[in-house]
Amino acid sequence: QVRLVESGGELVQAGGSLRLSCAASETILSSDIMAWHRQAPGKQRELVAQMSSGAIVTYSDSVKGRFTISGDHAKNTVYLQMSSLKPEDTAVYYCNVGRLRRPAYNYWGQGTQVTVSS
């Protein structure tokens with residue numbers, strides 16, 4: 001059982017920046033799939049950013065150019081650097097990790113609240 005713990009969510013003003021962290025209790029492999037999802041009030045959960053095999057990165061259109069996903073294997077931690085934050089970025093952000101050819105290896109964090117004020 002892998003535990004993922006997100007941190008870094010805060011109340012910030014529009015235009016500000018935040019760095020979310022996701023600490024894993026077990027080793028994250030370079031080939032693992034790392035992702036951040038978010039769920040805003042009254043909306044469906046959406047994929048924000050994903051990195052596969054430490055190279056293939058995808059972002060949702062709404063955050064492209066503003067958010068960056070990265071990982072530190074030595075610290076077993078996944079990050080989401082967010083800049084130029086907008087009120088519409090307000091949501092609970094969740095960390096997710098998966099492993100190639102291991103569909104049962106799919107874990108989620110408890111979420112961290114990000115609130116962006118106007």
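A residue is called buried when its relative accessible area is under 20%, exposed when it is over 50%, and partly exposed in between (1.4 Å probe, protein chains only). The structure is a predicted model, in which local features need pLDDT of at least 70 and side-chain atom pairs count only at pLDDT 80 or more, while totals for chains, interfaces and linings use all residues. Residues are numbered from 1 along each chain as its sequence is written, and side-chain values use heavy atoms, with hydrogens and water left out.

The protein contains 0 helices and 11 strands, where helices (H or I, at least four residues) and strands (E, at least two) are DSSP runs numbered from the N terminus. The order of elements from the N terminus is β-β-β-β-β-β-β-β-β-β-β. The radius of gyration is 14 Å, close to the 13 Å that the globule rule gives for 118 residues, so the protein is as compact as a globular protein of that length. This radius is taken over C-alpha atoms, and the rule is 2.2 Å times the number of residues to the power 0.38. Along the principal axes, the C-alpha atoms fill a box of roughly 40 × 25 × 25 Å.

Of the 118 residues, 42% are buried. Among contacts (heavy atoms within 4.5 Å) with a separation of 6 or more, 54% are between residues 24 or more positions apart. The accessible surface, computed by the Shrake-Rupley method with a 1.4 Å probe, comes to about 6400 Å², and carbon and sulfur atoms account for 48% of it.

A search of the whole structure for disulfides (pairs of cysteine sulfur atoms within 2.5 Å) finds 1. This bond joins C22 to C95, with an S to S distance of 2.1 Å. The two cysteines are 73 residues apart and link distant parts of the chain, C22 being in strand β3 (residues 18-24) and C95 in strand β9 (residues 91-99). Both C22 and C95 are buried. The torsion about their S-S bond is about -80 degrees, so the disulfide is left-handed.

Backbone torsions were also examined. Most residues other than glycine have a negative phi. S84, a residue other than glycine, has a positive phi near 50 degrees. S84 is placed in the loop between β8 (77-82) and β9, and its relative accessibility of 41% makes S84 partly exposed. R101 also has a positive phi, near 60 degrees. The loop between β9 and β10 (102-108) holds R101, which is exposed at a relative accessible area of 79%.
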